[in-house]
Amino acid sequence: MSNFKLRYPFALGAALCFASSTITLADQAVLIGGGYDLHSTQVQIEKNVQWAIDSLDSLNIPATVYFTDGEDPAEDVNYLATDEEYSSSFEAMSRVYGDPMADRRRFRNTSLTNVAGSTKADDLKQSLAELLRETDQSTFLLFNGHGTASHEAPHQVGISLWDDTSLKADEFQGVVKSATKPLRYVFTQCYSGGFNSAVFANPSKGLKLSDQQICGFTSESPYRTAEGCSANVDTSDYRDYTTYFFAALTGYDREGEILPRDTDRDKDGAVSLREAHLYSVEAAVSTDIAYASSDFYLERWEPWYLKWLPARRELPNNEFAKVFRTLASKHNMPLAGNAAKTIRNALADANTNWSNLHKLHYELQEEELTLQREIQIAVEEKWPALSQPYTDAFKTLISSDSVKEISDWVSQHNAYGKLVALQTKSTSLSNDRLEAERYATQLQKMLHMRKLANLKQQLYQYGSFDEVAGYERLLMCEEAPLNP
Amino acid sequence: MPGWDSCALWNGYPMKRLIPFILFSLLVGVVIAASAWPLFVLIGGVLSQWFGEGSMLDAINNVPKEKVMADFWFGYQQSMPFAIGLGILAALDYFLLSQNKFTWVIAGLSLPLACIGILFVFYKDPAPLLPTFVLTGVGMFILYRFSDLIRRLVSR
């Protein structure tokens, strides 16, 4: 870093000038949340938006919220009933005809208040464009919801919006072109990394940055799914990017507990968005490998003559190396010597473990289906109407008290006990598989940090003046805190 | 009346056989030029695997195959000037050194040397990359010698 500063003092100066308005302007927040329909709007999405509203409120940042169908009182959120809410009268039926959780599924209208509008793509694009054009503040934009993949090109990934509409990353760039003031974003959906292409003048190629001051963070790369769409209402289980990011900004976790360490890395008295991001990378034991727009820039910059070479084993001492050190210490991995090799071997073992669990889980599910079918046949022999849904006979049967009787009969079936045991084991295996995936992601994250540490140094060694200035411009934008 | 090609000699070599030899030298050059980038990538990949670190490993694990292939082709195109240079060097080296039993010993060694030269001229931190470039050069040297062996076997 110091070498770079000696070589490119003007690049740093240019970046500082460009980013100065980001640092001084007050921020307004735009929070967008929800899935593409009722079934895809899990309660975690709603709770994340509420968590963001509360966190921003504590920082005196006003928020405008767009959520699912706007202020329509129709049901738009699904969740799983807690043990207190749940009465298990139909549990047996849901175990035989659906999944063990099906009986707990509930629907309701959002509890968010002051929702400014719906997230239908056309409405949202128009509202966003107006808001960005007319504001005299810099904007902080957060999206919580689902994403769509594009294996052809990162700038073609999208967000799934209400009423089965969508907005692609390059369309997003078109919308934010109307911004007259700086814009910083956080996208947390699957494949969100593709939205980092919006910082470029041409989202599909090249390193020239957009004329608008735009930068941000994403919970994932353009090619991976993200964590965080649970229907479980227990927030202590949430390990998504939003959870860690806002905890870092406020200094408190979702349970209201103070964080175990100070997230203000440079001790300047304010937690910048980049510091919050780096904290999220360090602290999250999830399946996410989060990206800053500057990380995406580094990867896009990586020239062809370096891309295929083995990386140097001695890490340069920059912020990525520091995050690597923290992660490696946390997971008992070596810091030097054959660190990368050791981590890669551990990753191979972790992947094998995950594959074995996946296979086991699949076999268990097959067995579960066979048992379900066996009980279904027995039930339908006794109550034939059950095999003909959408008929009068079926309607009459389920509107009578017979469902309770059927459910009781099912729970007495001699295969039912085995089914319950299998489903319990299946849930447990599913959790084990998720934990195995989370552990493998921690190892991948360490390798990713090492890669970024090397790439950053290489940019300073091989990059042109403009390339380095572009990177510094993004860093300046990311490093500014939110201003009330 | 004897033709010029039956009595003229080049480097102790009858002119009649010179044109096929020139053509074969050019073929060696083409083989080296065409294989320079794939060899570079292969050696880079093997060493990345060995040391456990390299962008390529992450790309193979985390990026769609189409994108990896597109990057490979892009590298192939961009490296063409270097590959063509190495191809010309290989053709000249083969033409000048491979026919004499004394110079044959060192024939082809210019390729690893040229690779090391490229490394030290164009890279700012060459030392850690030396094994990749040396081994790429050695790979090209083996290809060069293998081509020579084929020609000798065929011409017997």
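A residue is called buried when its relative accessible area is under 20%, exposed when that area is over 50%, and partly exposed in between. The structure is a predicted model.

**Exercise 1. The disulfide**

Find which cysteines are joined by a disulfide, and state which parts of chain A the pair ties together.

Solution. 
1. Over all chains, the count is one disulfide.
2. The partners are A:Cys215 and A:Cys477, with an S to S distance of 2.1 Å.
3. A:Cys215 belongs to strand 10 of chain A and A:Cys477 to helix 16 (residues 465–479) of chain A, so the pair ties together parts 262 residues apart in sequence.
4. The torsion about the S-S bond is about -80 degrees, so the disulfide is left-handed.
5. Both A:Cys215 and A:Cys477 are buried.

**Exercise 2. The buried side of a helix**

List the buried residues of helix 6 of chain A, work out how they are placed around the axis, and name elements that cover them.

Solution. 
1. Helix 6 of chain A spans residues 169–176, and its buried residues are A:Ala169, A:Phe172, A:Gln173, A:Val175 and A:Val176.
2. Around the axis they cover an arc of only 160 degrees, which puts them on the same side of helix 6 of chain A.
3. The cover includes helix 5 (121–134) and strands 6 (138–148), 7 (158–161), 8 (165–168), 9 (183–187) and 10 (214–218) of chain A.

**Exercise 3. Positive phi**

Locate A:Thr68 and A:Asp164, give the phi of A:Thr68 and of A:Asp164, and say whether A:Thr68 is buried or exposed and whether A:Asp164 is buried or exposed.

Solution. 
1. Most residues other than glycine have a negative phi.
2. A:Thr68 is not a glycine, yet its phi is positive, near 35 degrees. A:Thr68 sits in the loop between strand 2 (63–67) and strand 3 (77–80) of chain A.
3. A:Asp164 also has a positive phi without being a glycine, about 55 degrees. Its place is the loop between strand 7 and strand 8 of chain A.
4. With a relative accessible area of 0%, A:Thr68 is buried. A:Asp164, at 62%, counts as exposed.

**Exercise 4. Salt bridges in chain A**

Describe the salt bridge of A:Arg261 with A:Glu282 and that of A:Asp408 with A:Lys404, and name the members of a salt-bridge network.

Solution. 
1. The total over all chains is 27 salt bridges.
2. In one of them, the side chains of A:Arg261 and A:Glu282 meet at 2.1 Å, N to O. This pair links distant parts of the chain, 21 residues apart: A:Arg261 is in the loop between helix 7 (241–250) and helix 8 (273–283) of chain A, while A:Glu282 is in helix 8 of chain A.
3. A:Arg261 is partly exposed at 33%, whereas A:Glu282 is buried at 6%.
4. A:Asp408 and A:Lys404 meet at 3.1 Å, N to O. Both lie in helix 14 (residues 402–412) of chain A, four residues apart, about one turn of the helix.
5. A:Asp408 counts as partly exposed at 35%, and A:Lys404 is partly exposed at 41%.
6. The network of salt bridges links A:Arg274, A:Glu319, A:Lys456, A:Glu478 and A:Glu479.

**Exercise 5. Where the chains meet**

State how many residues of each chain are in contact, how much area is buried between chain B and chain A, and which element of chain B gives the most to the side that touches chain A.

Solution. 
1. In chain B, 38 residues are in contact with 24 residues of chain A.
2. The two chains bury about 2,900 Å² between them, with 58% of it on carbon and sulfur atoms.
3. Four salt bridges are found across the interface of chain B and chain A, and twelve residue pairs are in polar contact.
4. Helix 2 (18–51), helix 3 (55–62), helix 4 (65–78) and helix 7 (130–155) of chain B each give two or more residues to the side that touches chain A. Helix 2 of chain B gives the most, with ten residues.
5. One salt bridge joins B:Asp125 to A:Arg312, with the closest N and O atoms 2.4 Å apart. This pair crosses between chains, from the loop between helix 6 (110–122) and helix 7 of chain B to the loop between helix 10 (304–307) and helix 11 (319–330) of chain A.
6. A:Arg312 is partly exposed, at 27%.

Notes:
Residues are numbered from 1 along each chain as its sequence is written. Chains are lettered from A and ligands numbered from 1 in the order in which they are written. This is a predicted model: local features need pLDDT of at least 70, side-chain atom pairs count only at pLDDT 80 or more; totals for chains, interfaces and linings use all residues. Side-chain values use heavy atoms; hydrogens and water are left out. Buried means under 20% relative accessible area, exposed over 50%, partly exposed in between (1.4 Å probe, protein chains only). The arc is that of the directions from the helix axis to the C-beta atoms. Contact means heavy atoms within 4.5 Å. A disulfide is a pair of cysteine sulfur atoms within 2.5 Å. Buried area is the accessible area (1.4 Å probe) that two parts lose on being put together, summed over both. A polar contact is a pair of N or O atoms within 3.5 Å; within protein, one must be able to donate a hydrogen and the other to accept it, and residues adjacent in sequence count only if both atoms are side-chain atoms.
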